[in-house]
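Thank you all for coming. I would like to walk through one structure this morning, beginning with a pair of packed elements and then widening the view.

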Amino acid sequence: MARFHSLLVYTLARDVLRDIVPITERMRGFGDLAHQMRRAAISVVSNICEGACSGSDRQFARYLAIARASTNELQGQLVIVTDLGELADDHPVHDRCDHLGRALTKLLRSLTG
């Protein structure tokens with residue numbers, strides 16, 4: 001099992017989290033949504049880290065599935081924020097989040113066969 005520092009998904013998740021924090025800090029009147037977005041982004045990073053040290057590929061895959069679900073949640077929230085006019089359609093976080101989701105899916109498939 002690779003250390004989480006060397007995993008592409010870990011780097012991508014950190015990039016997304018760094019994007020999400022300033023976005024949510026500017027969201028006036030959407031405090032609950034902003035909080036949930038930060039929690040989802042943090043969950044992705046945390047589950048990758050915890051899963052990488054879980055002791056087996058099966059356990060790691062379980063954590064990656066949770067990280068993937070949180071990524072999907074965040075993608076949905078980004079659509080909502082965009083629809084509400086709080087984020088541009090072409091903001092790089094959309095592509096970064098999509099890339100993260102695809103990378104998580106690929107790693108998950110490599111572990112589960």
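**Two helix pairs in a predicted model**

Let me begin with helix 3, which covers residues 57-83, and helix 4, which covers residues 92-112: their axes come within 9 Å and cross at roughly 160°. Please keep in mind throughout that this is a predicted model. Because angles over 145 degrees count as roughly antiparallel, helix 3 and helix 4 are roughly antiparallel to each other. Helix 3 passes helix 4 in a crossing that is left-handed.

If you look at the side chains in this contact, helix 3 contributes residues including Phe 60, Leu 64, Arg 68, Leu 74 and Leu 78, while those from helix 4 include Val 93, Cys 97, Leu 104, Leu 108 and Leu 111. Taken as a whole, the residues of the contact between helix 3 and helix 4 divide into 14 nonpolar, 7 polar and 3 charged.

Now to the other pair, where helix 1, residues 8-25, packs against helix 2, residues 31-52, at an angle of about 165° and with the axes 9 Å apart. That angle makes helix 1 roughly antiparallel to helix 2, and the crossing of these two helices is left-handed. On the helix 1 side the contact includes Val 9, Tyr 10, Leu 17 and Ile 20, and on the helix 2 side it includes Met 37, Ile 42, Val 45 and Ile 48. Here the division for helix 1 with helix 2 is 13 nonpolar, 1 polar and 3 charged.

Is Gln 77 buried or exposed? Its relative accessibility is 7%, and since buried means under 20%, Gln 77 counts as buried. Setting aside its neighbours within four places in sequence, Gln 77 is in contact with Leu 33, Gln 36, Met 37 and Ala 40.

Stepping back to the whole protein chain, we find 4 helices and 0 strands, and from the N terminus on the elements run α-α-α-α. The radius of gyration is 14 Å, close to the 13 Å that the globule rule gives for 113 residues, so the protein chain is as compact as a globular protein of that length. Along its principal axes, the C-alpha trace spans about 45 × 20 × 20 Å.

Of the 113 residues, 42% count as buried. Finally, among contacts in the protein chain with a separation of 6 or more, 70% are accounted for by residues 24 or more positions apart.

Technical notes: Residues are numbered from 1 along each chain as its sequence is written. This is a predicted model: local features need pLDDT of at least 70, side-chain atom pairs count only at pLDDT 80 or more; totals for chains, interfaces and linings use all residues. Side-chain values use heavy atoms; hydrogens and water are left out. Axes are lines fitted to C-alpha atoms, for helices over the stretch in contact, and angles run from 0 to 180 degrees between N-to-C directions. Angles under 35 degrees count as roughly parallel, over 145 as roughly antiparallel, 65 to 115 as roughly perpendicular and the rest as oblique. A crossing is left-handed if the near helix is turned anticlockwise from the far one by less than a right angle, and right-handed if clockwise. Contact means heavy atoms within 4.5 Å. Ala, Val, Leu, Ile, Met, Phe, Trp, Tyr, Cys and Pro count as nonpolar, Asp, Glu, Lys and Arg as charged, and the others, Gly among them, as polar. The radius of gyration is taken over C-alpha atoms; the globule rule is 2.2 Å times the number of residues to the power 0.38. Buried means under 20% relative accessible area, exposed over 50%, partly exposed in between (1.4 Å probe, protein chains only).
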